[in-house]
Amino acid sequence: MQSILASFDLPLLIASLIKIVFLVFLVILPMVAYSVYAERRVSAIIQDRVGPNRTGIPLTLLGFKKDIQIFGIGGLLQPMADGLKFILKEDFTPRSVNTFYYWLAPCLTMVPALMTAAVMPFGSELDLSWAGLGAPFKMVIADLNVGPLYMFAISSLGVYGIVLAGWASNSKYPFLGGVRASAQMISYEISLGLSIIPAIMIFGELNLGKMSAYQDANGWLLLPLWGDGLSWSRLVLLVPIVISFVVFSISLFAETNRTPFDLPECETELVAGYHTEYSSMKFALFFLGEYAAMIIGSGLAVTLFFGGWSIPFGPWLSEWTGLQFHYEAGNTPFYTGLLHIGTFFAKIVGCIIFFVWVRWTLPRFRFDQLMKLGWLVFFEVALLNVFLTALLLWLVPLK
Amino acid sequence: MPTIVVQRPKLAWHEKIFLSGFLNGMRITLGHAIRTFKTLRGSKTVVTMQYPEQKWDESLPEHYRGAPTLVTDEHGRERCVSCQLCEFICPPKAIKIIPGEIPSDDPWAKVEKRPREFEIDMIRCIYCGMCEEVCPEQAIFLRKDYAITGTSRAEMVHDKEKLYEIGGVRTGLVNKWNDLK
């Protein structure tokens, strides 16, 4: 017993716990709530509407003149009101459902989405020596050397939630939604996985944190403008990187069931798809899982192609201003660590706005078009792209 | 039968893979978003009316069908003679009338009847205007009040007093009960 207890690295456990609480409860879940709000507001302004603008922080009750507004638009507490509404709604279970799987499905959508957050490097490192804590903390919950593989392995479990929801509901529309979802998600996982192989080949690395550090020093994959990024080989390699980025981002749309690939829950055909029979918090869990998957997917895209937490032109900025904006292992000041965390989430917010923007622009694909695109176009393109990258790496090797 | 061969348009490569269509669409939605966002920031919406602050009362049409009310004429006489036609025609049965007699010493004693009680249940009312249409005395009119609210069912029943209060005086109507000049 003593030896088991002694084998635990207590500071590491406590640090991990703090990081988990911070990332999941203070960042991802509020971000999910506010991306729903962003979805509603952005869709509103795209369609020349106003959107939810009433639920403000009621400072007027405390005697202030005006409620808090950002950019002159109110409604900032709408996510809280939505959450409260979900809790207060009747949790109705139809009599014909398979109760066990019916209850299991929402959890199985939510849990994998949050579990993938474990390997997401959301910052470089935080130097807490001013607080008396020695070595700087790495801003990633689990610093695995198989980051992307772990993410794909876990996030592909998300399809079980959807399929079980469709099956257990014992109703035709959820069933069709579940069937569509399984076909779609399995098909697009292939191109999703193949499309990041060129990036991994260039990094020569499967650790997401080290990928970010490489891009911080040598330019983002899609913006090789500093460090070693200013070499011929990186410029030439932009071709396969752009291809793989396009394939990756479109597959990500399909993987997260977003328009134009939202066939599992298309309102016009399937009522609400796989979650038709769900209500109250169970429905909210599907909602949360979907948006959490979106955030994690954006996080992966950002880490692979947009430099993760790195500030653009970091080394240059450090030279010009005298402050340190780039990452230096074990020697990154506290403010830079915070800036890196902020940069990472700012990039994710940008991605989510793009997701929303695309959703309210494009119409939905037909199912056969979807399958054709996945199997006959993206699969081949991603596969050929791997060989193209290998060829280019052989012709113009990286330093 | 003459046939027309429709020539399919020749598409460029970027049109075939929907690239230009996609970019065009994104440009249009972004344009709308930015334009609407600017008007929102100025807190003046072009299309949407911010309801409780802005109201459409001025632009209501003459024929608007709001709350049904009872009216008095320029002599202060209540025009309703409690014939109960409106009560019988009312599709949701929202109107309840208890007729009363006009005492013989009243200057309008020849009208003989007026309502002792006249209640319209505004929870039931569907604002169809049939009561106004059927009234032979031009006594009931649909006014422009549309925000009828209350905190209880009892509050939503408009009694006679309330109906005359909303209805007010209406002039220029046919006055068949007046003395012959």
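**Fold, helix packing and chain contact in a predicted two-chain model**

Within chain A, residues 24 or more positions apart account for 75% of the contacts that have a separation of 6 or more. The structure described here is a predicted model. Chain A contains 15 helices and two strands. Its radius of gyration is 23 Å, close to the 21 Å given by the globule rule for 399 residues, so chain A is as compact as a globular protein of that length. Along the principal axes, the C-alpha atoms of chain A fill a box of roughly 60 × 60 × 60 Å. Of its 399 residues, 42% count as buried.

One helix pair in chain A can be followed in some detail. Two packed helices are described by the angle between their axes and the distance between the axes. Helix 4 of chain A, spanning residues 99–115, packs against helix 12 of chain A, residues 280–305, at an angle of about 25° and with the axes 8 Å apart. Because angles under 35 degrees count as roughly parallel, helix 4 of chain A is roughly parallel to helix 12 of chain A. The crossing of these two helices is left-handed. From helix 4 of chain A, the contact draws on Pro106(A), Cys107(A), Thr109(A), Met110(A), Ala113(A) and Leu114(A). Helix 12 of chain A contributes Lys282(A), Leu285(A), Phe286(A), Leu288(A), Gly289(A), Ala292(A), Ala293(A) and Ile296(A). By class, the residues of this contact comprise 11 nonpolar, two polar and one charged.

Helix 12 of chain A also holds a residue with a backbone feature worth a look. Ser280(A), which lies in this helix, has a positive phi of about 55° although it is not a glycine. Ser280(A) counts as partly exposed because it has 16 C-beta neighbours inside 10 Å. Gln84(B) is not a glycine either, yet has a positive phi of about 70°. Gln84(B) sits in the loop between strand 1 (68–70) and helix 3 (85–89) of chain B. With 16 C-beta neighbours inside 10 Å, Gln84(B) counts as partly exposed.

Two further residues of chain A illustrate buried positions within helices. Leu392(A) belongs to helix 15 of chain A, which covers residues 367–395. Leu392(A) counts as buried because 20 C-beta neighbours lie inside 10 Å, and the cut-off for a buried residue is 20 or more. Leaving aside residues up to four places away in sequence, Leu392(A) touches Val236(A), Leu237(A) and Pro240(A). Leu392(A) and Arg234(A) are 158 residues apart in sequence, while their C-alpha atoms are 9.8 Å apart in space.

Thr336(A) is part of helix 14 of chain A, residues 334–359. With 25 other C-beta atoms within 10 Å, Thr336(A) is buried. Its contacts, not counting residues up to four places away in sequence, are with Gln324(A) and Phe325(A). Between Thr336(A) and Gln78(A), 258 residues apart along the chain, the C-alpha separation is 33 Å.

Finally, the two chains meet. In this predicted model, 13 residues of chain B are in contact with 13 residues of chain A. On the side of chain B that touches chain A, five residues are nonpolar, seven are polar and one is charged.

Notes:
Residues are numbered from 1 along each chain as its sequence is written. Chains are lettered from A and ligands numbered from 1 in the order in which they are written. This is a predicted model: local features need pLDDT of at least 70, side-chain atom pairs count only at pLDDT 80 or more; totals for chains, interfaces and linings use all residues. Two residues are in contact if their C-beta atoms, placed from the backbone, lie within 7 Å. Ala, Val, Leu, Ile, Met, Phe, Trp, Tyr, Cys and Pro count as nonpolar, Asp, Glu, Lys and Arg as charged, and the others, Gly among them, as polar. Axes are lines fitted to C-alpha atoms, for helices over the stretch in contact, and angles run from 0 to 180 degrees between N-to-C directions. Helices (H or I, at least four residues) and strands (E, at least two) are DSSP runs, numbered from the N terminus. Angles under 35 degrees count as roughly parallel, over 145 as roughly antiparallel, 65 to 115 as roughly perpendicular and the rest as oblique. A crossing is left-handed if the near helix is turned anticlockwise from the far one by less than a right angle, and right-handed if clockwise. The radius of gyration is taken over C-alpha atoms; the globule rule is 2.2 Å times the number of residues to the power 0.38. A residue is buried if 20 or more other C-beta atoms lie within 10 Å of its own, exposed if 12 or fewer, and partly exposed in between; C-beta atoms are placed from the backbone.
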